[in-house]
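Please have a look at the structure on the screen.

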Amino acid sequence: MSDYELRKFVAPEFVFGYGAAGLAGRHARNLGASRCLVVSDQGVAAAGHTEAVVRTLRDEGIACATFLGVSENPRDTEVMQGSEVFRAEGCDAIVAVGGGSPMDCAKGIGIVVANGGHVLDYEGVDAIPKPMPPLVCVPTTAGSSADVSQFAIIRDTPRRVKIAIVSKANVPDVALVDPLTTLTKARNLTAATGLDALTHAVEAYASNAHSPVTDMFALEAIRGIGTALFDVLDDLRDRDARARMALGSMNAGLAFSNAILGAVHALSHSLGGLLDLPHGECNALLLPFVVRRNFTAAPRRYRRVAEALGVDGALGAGGTLAAPDDEVRDALFARLGDMRRRAGFDKGLAQYGVTRGQLAELARLALDDPCLSTNPAPLDARELEELYAEAL
Amino acid sequence: MPKRSDDLREKLIGLGQASTRKSYYPELKERLQQLELFRALLESAGDGVLLLDADTLVVLDANGAACRFAGLPWEALTGRPLAAAFPELAGWKPRLAGGAEDAEPQDGPRTGAWHMADAVPTATGEERRLIRQPSQGGGLWLELALKRHDIGGRPYVSCIARDVSERLRAEEELRESERKYRALFEAANDAIFLIRDGLVRDANRRACELFGRPLDQLTSMAPRDLSPPEQPRSGDTRLVEEMRLAKALGGEPQFFEWTHLRADGAPFDCEISLSRFTLRGEPWLIAIIRDVTEQKKLREIMVQTEKMMSVGGVAAGMAHEINNPLSAITQSAQNLQRRLAPGVPDNEAAALMAGVDLERVQHYFELRGLAKLVTNIREACARAADIVRHMLDFARRSDAERSECDLSVLLDRAVELAENDYDLKKRHDFRNIRIIREYTPGTPRAECAPTEIEQVLFNLLKNASQAISRKAYPQREKPRVILRVGTQRGVPGLPEGAGRSDGSGEPATPGADADYVRVEVEDNGPGMDERTRVRAFEPFFTTKPPGEGTGLGLSVSYFIVSRNHGGHIIVESQPGLWCRFTVLLPAVRRGA
């Protein structure tokens, strides 16, 4: 595989830095908004981020309607409710404030108000005919990277699956990445979203659709997150550590939005859909097993991942003799497991309530996930089930 | 660092107030707003506006007025063919040709344009069609204007539906009003001209008849072109015309007498009323021209009648007064003769007493011619008595016996009388005159006193004969008298087909409803000038040398005809050419 095959890189206009959230009003106005639907959730609203963004909008003379009916793993029903509010309030733009859930829900609302019908009608890749109204994202978790990605993951409640809506039309118009908004995050959420971001970076780097540009963002994200996550967890009030975390997360987002993901996300989406398990924690749990399984399919890639995470002898640079593949693989597996445990997660799938009897069904659903198509190693249902079993 | 540089740097690195990547959304919103505004405008339009697919004529969009005209809600109107909304278009298929040809509709037949039955192609490439659309309130007349448009490479047809019911009604009313006034115009018994800029622009049928010219000839002429250069009463035609037209245009209606010319050059008198009206901002004149020829004749007859009646009354009164002294003279002369006559006992006794020999006295009388003088007195008295008797006749109804007479028989008898008249024979042999008889067969009889009418007709023949004797005939012309007998209907005293000698007119056909029997005596003598003509019937008016006539013949005839018979006697003449007396006597109605 050549580094110079055709690749596209899609990214929103974004502003990164302290106080970026305060630019929401200005950008919304420049995008022609006169009445915004502000999509957020109760937690973010309680932290005061929603109100702060609404204030910047009002300062620009933009009227606002707020929709807070979003839960973790946003549901199709919530999307439809939000689009009703959008129509009823006569809105002409959307501002999402929060983590992956409000942002994905906001994308779903945008799709429905522009195209009509039901949000589940647009499942799949490039299935959105008409562009949505202007969308400004103000992420408050350094993890999901929905603010820069072309992904929207919505939970299909009747089928109990997470569907992926992947489209360039899902890329927001503007992302305002303000590390200060992450200061209020609790430790557990900080850890989960941080490991989610790490998973994004690792899967994007190992993806069979990677490119020199995405590699740059992915490796930088892995290196950044590898140190920043634990600095933040040591001191949740460390602004610069929060900023490095936010930057790492954004870099990971830019990478995976274009290089796409792999088996971890396919398996994780299944768990989130069927059992409504927390996305970041699932990713953290599954990542080591998937990396171990994929390693031989892209050893050079995983060696660089290991190197970026500080695994000794991962690369034969500087005269050091490189360790054999299986050694590096096991060391990487161990490092990822250590990071997870250090972040505070040590439960197996069984402890999340997953039973062995559910594994076949979970695998079957994961097999349909688009993320599986960019996994470096082709995996069948049996192999996916084995992976679940390993994580049990 | 100065503030300005900071601003510049901020902008450059994308943190300025307006530093947002380009988005078409604000522009799009503005356009959408414009569209909404446009939509609102369309909705408020009174005309129906429809957008159709050019190939199927399926309605793609329509405004409120279009829905109202179609009687359908928007949802039912759109998505269906135009004919579903407007049933009168059912079965109508416009043909759309290739778009390329559409671009050049100028030359030749519009092959590229699309065609519709009864549709009117206009210069702008629009197709118009008038349809009647049933609706709750009866029916609407809609004028559809369809036009093809290519929008984004797709052919569409726009259809504007306009409710023209009101307009059509108004037009119909206008046409009706036009018909009404046209009828008034054409049916008028007076000639009417519509004049603008001094020229006749329109004229009614009566005008064409009166002037003897077709409409297209009249409409290029000025009133003065239809008049003699001089007006008998007012002078120069052109000047008077200018003055009258100017005054009328100034808003002062004009009413005046005028002499016009027929196409053949014959003048006729008329009364003209001239008034102004405004048409499309331009001043027009309406001229109503009444032919007063007949009125004038009637007036003349009335004046004549009145004059004759008063003259007749005076004459009769005078005659009556003269009658007594005349009788005294006559009686005295008679007595004078008788009392001189020998052999009468009283005369003999008186002579004896006076010691005079009566025979000697007689002898003396003879020597001095006294007997002759007395005879002269008696004769003069007899003549005067004769005149007086005639004059008395003016005022007296005759009691001569009436009967229903065939006037041609009476006329023939009068001719016979004239031929044998000693007086006529002596001076102007009546037999040398050619008599032409134009008797209309089947002419009804007239009730009259035959002797009186015979006398009238004899007088007329005598008159004609005397007139002829005073004319020196050129080589080719021979003296002649035309005698006509026919009928006449209508207004008494106004001969139909007057001026028959000029070849115009036709004798009235005899009929049960003829009012008059008409007898004409027309000679080709010297004729009468107007002055003579109007006095012809006056008593003692004569053109003959003194002693040759009493000047009573025509007067007597006049009174016989008018007073005794309730008829009319008229004289017409063309000086130098002819003179015609016409006698009209009430006809006996057939079957009556």
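This is a predicted model: local features need pLDDT of at least 70, side-chain atom pairs count only at pLDDT 80 or more; totals for chains, interfaces and linings use all residues.

**Aromatic pairs and the interface of chains A and B**

How many aromatic pairs does the structure hold over all chains? The count comes to 11, and another of these pairs is formed by F256(B) and W258(B), whose ring centres are 5.7 Å apart and whose planes stand at 80°, so that this pair is edge-to-face. Both F256(B) and W258(B) are buried. Elsewhere in chain B, the residues F537(B), Y558(B), F559(B) and F581(B) are joined by ring pairs into a cluster.

Let me now turn to the interface, where 19 residues of chain A are in contact with 11 residues of chain B. The area buried between the two chains is about 1100 Å², and carbon and sulfur atoms give 43% of that area. On the side of chain A, the three residues E13(A), R26(A) and N30(A) supply 42% of the area that chain A buries against chain B, which is more than any other three residues supply.

Which side chains meet in a salt bridge here? They are those of D92(A) and K29(B), with a distance of 2.6 Å from N to O, and the rule finds one salt bridge across this interface. Polar contacts across the interface of chain A and chain B amount to 10 residue pairs, counted with both residues at pLDDT 80 or more.

As for the elements involved, strand 1 (13-16) and helix 1 (24-30) of chain A are those that give two or more residues to the side of chain A that touches chain B. Of the two, helix 1 of chain A provides the largest share of that side, namely four residues. Taken by class, the side of chain A that touches chain B consists of nine nonpolar, four polar and six charged residues.

Terms used
Residues are numbered from 1 along each chain as its sequence is written. Chains are lettered from A and ligands numbered from 1 in the order in which they are written. Side-chain values use heavy atoms; hydrogens and water are left out. Contact means heavy atoms within 4.5 Å. Buried area is the accessible area (1.4 Å probe) that two parts lose on being put together, summed over both. A salt bridge is a side-chain nitrogen of Lys or Arg within 4 Å of a carboxyl oxygen of Asp or Glu. A polar contact is a pair of N or O atoms within 3.5 Å; within protein, one must be able to donate a hydrogen and the other to accept it, and residues adjacent in sequence count only if both atoms are side-chain atoms. Ala, Val, Leu, Ile, Met, Phe, Trp, Tyr, Cys and Pro count as nonpolar, Asp, Glu, Lys and Arg as charged, and the others, Gly among them, as polar. Rings of Phe, Tyr and Trp (its six-membered ring) pair if their centres lie within 6.5 Å; planes under 30 degrees apart count as stacked, over 60 as edge-to-face and the rest as tilted. Buried means under 20% relative accessible area, exposed over 50%, partly exposed in between (1.4 Å probe, protein chains only).
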